[in-house]
Amino acid sequence: MVICLVVGTVLGFLSGLGVGGGSLLMLWLTLIAGLPQADARVMNLMFFIPCAFVASLFRWKQSKPDWSLTLWAVAGGFIGALAGNLLHGRLDLELMKKGLGILFLICGARELFYRERKLR
């Protein structure tokens with residue numbers, strides 16, 4: 001129990017910084033704690049709810065978000081999550097894994113080579 005609390009606290013702290021503690025939680029749950037991936041996914045989603053809520057409150061206090069963009073993004077996320085759950089089991093998992101891997105590679109390359117443009 002103590003180890004789980006420490007790991008959760010550290011990963012929650014990293015989530016608050018925007019590092020992506022959920023991805024690290026998946027690794028810890030599957031590789032170290034030995035949980036099946038399906039159970040780890042459920043725990044990861046439950047872990048995300050309080051982390052996202054607390055981080056959002058603090059970020060909102062620091063700078064007001066553009067609510068028109070935020071609400072569209074939330075609506076899109078809701079629709080995507082609903083569609084993903086409805087299509088679960090009907091999609092080719094191997095193809096989805098490869099697509100996600102390619103997306104991660106593109107995002108990583110962008111982060112490595114992105115330079116902020118100077119405004120004139």
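Modeller: Start with α2, where Gly 21, Gly 22, Leu 25, Met 26, Trp 28 and Leu 29 are buried. Keep in mind that this is a predicted model.

Colleague: Where do the buried residues of α2 fall, seen down its axis?

Modeller: They fall within an arc of 165°, so they line one face of the helix.

Colleague: What covers the buried residues of α2?

Modeller: The cover includes α1 and α3.

Colleague: How many residues does α2 have, and how far does it reach?

Modeller: α2 has 12 residues and spans 15 Å from first C-alpha to last. That is close to the expected 16 Å.

Colleague: What comes just after α2?

Modeller: Gly 34, with a positive phi of about 75°. Leu 35 also sits in the loop between α2 and α3.

Colleague: Is Leu 35 buried, exposed or partly exposed?

Modeller: Partly exposed, because its relative accessibility is 28% and the buried class needs under 20%. Leaving aside neighbours within four places in sequence, Leu 35 contacts Leu 29, Thr 30 and Met 43.

Colleague: Switching to the core. Which residues make up the largest nonpolar one?

Modeller: There are 9 residues in all: Val 7, Leu 11, Leu 25, Met 26, Trp 28, Leu 29, Ala 40, Phe 47 and Cys 51. The elements giving two or more residues are α1 (2–17), α2 (21–32) and α3 (37–62).

Colleague: Which element gives the largest share?

Modeller: α2, with 4 residues.

Colleague: Take Leu 11 from that list. What does Leu 11 touch?

Modeller: Gly 21, Leu 24, Leu 25 and Phe 47, not counting residues up to four places away in sequence.

Colleague: Now Asn 44. Where is Asn 44, and is Asn 44 buried or exposed?

Modeller: Asn 44 is in helix α3. Asn 44 counts as buried, because its relative accessibility is 17%. Beyond its neighbours within four places, Asn 44 is in contact with Gly 22, Leu 25 and Met 26.

Colleague: Change of topic: rings. How many aromatic pairs does the structure hold?

Modeller: The count is 0.

Colleague: What lies over the face of Tyr 114?

Modeller: Arg 110, at 4.4 Å from the ring centre.

Colleague: Last one. How many residues does α4 have, and how far does α4 reach?

Modeller: Helix α4 covers residues 67–87, so to speak of its size, 21 residues. Its reach is 30 Å from first C-alpha to last, close to the expected 30 Å. Gly 89 follows α4, and its phi is positive, near 90°.

Conventions:
Residues are numbered from 1 along each chain as its sequence is written. This is a predicted model: local features need pLDDT of at least 70, side-chain atom pairs count only at pLDDT 80 or more; totals for chains, interfaces and linings use all residues. Side-chain values use heavy atoms; hydrogens and water are left out. A nonpolar core is a set of buried Ala, Val, Leu, Ile, Met, Phe, Trp, Tyr and Cys residues joined through side-chain atoms within 4.5 Å. Buried means under 20% relative accessible area, exposed over 50%, partly exposed in between (1.4 Å probe, protein chains only). Contact means heavy atoms within 4.5 Å. The expected span of a helix is 1.5 Å times one less than its number of residues. The arc is that of the directions from the helix axis to the C-beta atoms. Rings of Phe, Tyr and Trp (its six-membered ring) pair if their centres lie within 6.5 Å; planes under 30 degrees apart count as stacked, over 60 as edge-to-face and the rest as tilted. A charge sits over a ring if NZ of Lys or CZ of Arg is within 6 Å of the ring centre and within 35 degrees of the ring normal.
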